Amino acid sequence: MKKAPNSYHRLRKLSSAVSGAALPFARERLSRLRRLIGDSKEVCTHFEAVLESLLLSQPGEIQPTSFTSSLTVNENMLRTLFRDCEDIRYRSFVFDRRDALIVYLDGMVNLERLDESLRQLLYAGEPVRPELIPRQILASSAVQLVAEVQLSLVSVMRGSALLLVDGLAQALLFDLADPAKRPVQEAHREGVLRGPYDAFTETLSDNIVLVRRRTADIHVKAKTFIVGDRSRTRVVMIYVDNLAKHSLVSEVERRLKKIRIDKVLTAGMIEEFLVESPWSPFPQLQDTERPDKVVAALYEGRVAILTDNTPWALIAPCNYSLLMQSLDDYTTPPVIASLIRLTRHISAFLSVYLPGMYIAITSYHPSILPGSLALTIGELRSRAPFPAFLEAALMEAVLEVFQEAIARLPQKLVVAASVVGGFVIGTTVVEAGIINPLLVVVVSITAIASYAIPSYSLSLALRWLRIPVMILASVFGLYGLVVGALLTLTHMCALRSFGESYLGEIFNVTMLQDWKDSLVRLPMKLLRTRPKVFGPEDRTRVGGK
Amino acid sequence: MASDLDPKDKLSPWQLTILLAAVGIGSQIILAPAQLIKHAGQGAWISVALGAVAFFAATWLMLKLGEQFPDQNLVQYFPAVWGKLLGGIFLAWFVIIHLLQFITILHGFSRVIAFNLFFRTPEEAIAILFLFTCAYGAMQDWGTIIRIQQFIFFVVIPPLVALWLVALLNFSYDRLLPLLPDDPLTVLTGVPATWNFYSGYEVVLLIFPLIYRIGVKKAVAAGAAFGCMGVLFTTVTVLTIGVLSAKTAADMIYPTLVVIKGIEIPGTFVERLEVYMLIVWIPIVFDTMIILFAVPARVLAQSTRYSDHRRWILFFIPVVSVLFVLLDPINIATKTGEALTTLGWGFSFLVAPLTLLAAKLKYPYRKRDTDADIS
């Protein structure tokens, strides 16, 4: 039977009737669709990145980039941007038959100087045309002509007064900042016996002046960075351009630019972004409130970082040896300075290991003590109810609480707290038989030893190290103590501050020249070269570049 | 591109001296003298002195081998010289020497510490803590390891020497006589046993490309290290024999500790001097152990084309722990020690010189990089 042509047609593939249904065509469409999806994903990612950067650069709202020639528009814009900022003051006045507006932040501007500036402008001998204001009054160093809104806003927030005149598409910024600030005072943490007493304050410009005042070197450079997406804090990097290693300067710069943070309240907040190992207890940047120390560091080829609102500078790189030095080392005779330095190193050792030694010897190795001393300790310990570790841990905890309380107390109460802590608790716990007197002696020596360390940050790190060392000593005795020391040594050797070993030049035979100002200090006459450890461009102190 | 802020892995010739001396002056100052005095008797101190010369010669040959391939280490040139199979076998030999030595020393170390410092703490507990400490050290880069070596060398070696010099209080010259033994052959048979004292110098095959090619010649630097070790070990052996006599020392497991134990300082403040000696000894052992642990890990990492050697260190921790337990009976530990000495000698005086010879034959016109070539 012959098949009907219609039925044959009905059984044919769909593609023969509908060309768009062909498999190759469908495949091609599908691949195009996939490509489109891929492209759109890419575009979407790109848009997200753009949006994110926009949000980061202008948090809160979209802001116009420049002023217009209409004062009303400009004023409305400023009032919108400064909405809910009740400390922003707007003063309108007529200037050469045109409306003018001055905007400033109350309390940040020196009003007397502002009035004086305006008086000069308004009551000048001959009328000043607004168009000529820039040319006529820009001779004054404190006046700046700006068109960017963003810059003007930040400047107003920093204490400048903004003058807007109708018909002028630019604004005048009067640098009249006079915020409440602390005068230059003595250092709180780094007192010296023979040396200058002035210390950094919270005002960045004052701090830069304190550094500049100490050297008239044109090679001392100061580069400003803005850190903090919202706080827009000024951070200044200071270095000597023909001394500091170029790679060090560019690395500090790179790390400063890489910081992503919303606010910078103190230099401590950026410190953790700058160091290689933020988990390490050791300070990897030197902090100092002394401008003389900063200048000394600059002339060793190091880089200082000053942060606005922070009364201390950060110095990079840093190592253990530097943290154990003080300005007094250079104002006392070298022999005495060397002995003092050795004393500090011994203090650092005692502040970490003394409680551990007490635990190890009393718990595991009393036989290394002379017989009479071992008997005395045994008798004292027999009265205390706790094992040596618990006893020491308890005392350490009390000491830490006590130190923390004193650090937070008002100055007037510190003396009272010292009496309560030192005499009352110290004596009472012994009399009550909770702690044996020898341990009180050990803990006291440990605390005093930690106070002998010039760097407070290092002292804190050593205090922290005491805990694992005590645990090791309680489990493994003197063996544990030595293992603890080896682990600490390994960590310190592995730790780096801007590429330099944290142990610095100590016992490094490739840096024999640096030994003369390390564990000991030789007379100044012999310190003719700069420390090799920081790789300065010019090693010779005198007669170099 | 490496910046000058990157970790520094290069070492100067004097750092090489310290590295070799620090690796050599290790655990064996307490663990090895007994075996040596058993072999060489009265003339043990001569064997030690001769050992310094012999092993310096081995090191010198290794440095010469390094000069044939100045920018390469043994992982790169052993297969090139011997082919993949034989080169691989020699590399395995090198790795086994270091690992076995690590385990043997760990064994002896934990035994000495447990015996002298603790009564109830098991050796395994001591060993495991030390194993982890050494692993942490061995995980570091060469720059860090060299810094550790230098610090320990300058801080720990002087008190160690001072403690040994106190042994002069019990020294008797008569016990040292006759200075030369009746049978000189015993002195010669004692020389191989001194490999334990000086071993660790094989590391030069791995670190050769890292050594600065300026300044003091590498051979001079190595000679200074062996001179330093030779003087120290000879003094220790002389003092041990002079205090205990060779016959008594040969019957003891750790004669050097007995020497220190026997010292009584006038007055009553310092008691049990051997505890102080052990406190000083622990960092010295650590110094040796981190090298012995780092070297095989780095060789294996490079052989297996891993840039990070730390995974091999982590792999070694359980391996070492198991082998440590297997070595527990003291006779097995002794036999392992003897086998290790043979392997060490074989590598130093057979594999290394033959490789040097083969390299010279295979690459006769190769530009060598000697210290003399570089101003």
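**Exercise 1.** In which helix of chain A is the place of A:Val420? Work out whether A:Val420 is buried, partly exposed or exposed.

*Solution.* A quick note first: this is a predicted model, where local features need pLDDT of at least 70, side-chain atom pairs count only at pLDDT 80 or more, and totals for chains, interfaces and linings use all residues. Residues are numbered from 1 along each chain as its sequence is written, and side-chain values use heavy atoms, without hydrogens and water.

Step 1: A:Val420 sits in helix H16 of chain A (helices are DSSP runs of H or I, at least four residues, numbered from the N terminus).

Step 2: its relative accessible area is 46%, so A:Val420 is partly exposed (buried is under 20%, exposed over 50%, partly exposed in between, with a 1.4 Å probe and protein chains only).

**Exercise 2.** Find the helix that gives the most to the nonpolar patch.

*Solution.* Step 1: the surface patch includes A:Val398, A:Val415 and A:Val420, and its members together have about 600 Å² of accessible area. Patch residues have over 30% relative accessible area and no salt bridge, with nonpolar side chains joined within 5 Å (a salt bridge is a Lys or Arg side-chain nitrogen within 4 Å of an Asp or Glu carboxyl oxygen).

Step 2: helix H16 (residues 411-431) gives the most, with six residues.

**Exercise 3.** Is A:Ser450 buried or exposed, and what is A:Ser450 in contact with?

*Solution.* Step 1: locate A:Ser450 in helix H17 (residues 437-451) of chain A.

Step 2: A:Ser450 counts as buried because its relative accessibility is 1%.

Step 3: leaving aside neighbours within four places in sequence, A:Ser450 contacts A:Ser351, A:Ser459 and A:Arg466 (contact means heavy atoms within 4.5 Å).

Technical notes: Chains are lettered from A and ligands numbered from 1 in the order in which they are written. Helices (H or I, at least four residues) and strands (E, at least two) are DSSP runs, numbered from the N terminus. Patches are made of residues with over 30% relative accessible area and no salt bridge: like charges are joined within 9 Å, nonpolar side chains (Val, Leu, Ile, Met, Phe, Trp, Tyr) within 5 Å. Accessible areas come from the Shrake-Rupley method with a 1.4 Å probe; for residues, only the protein chains shown count as cover.
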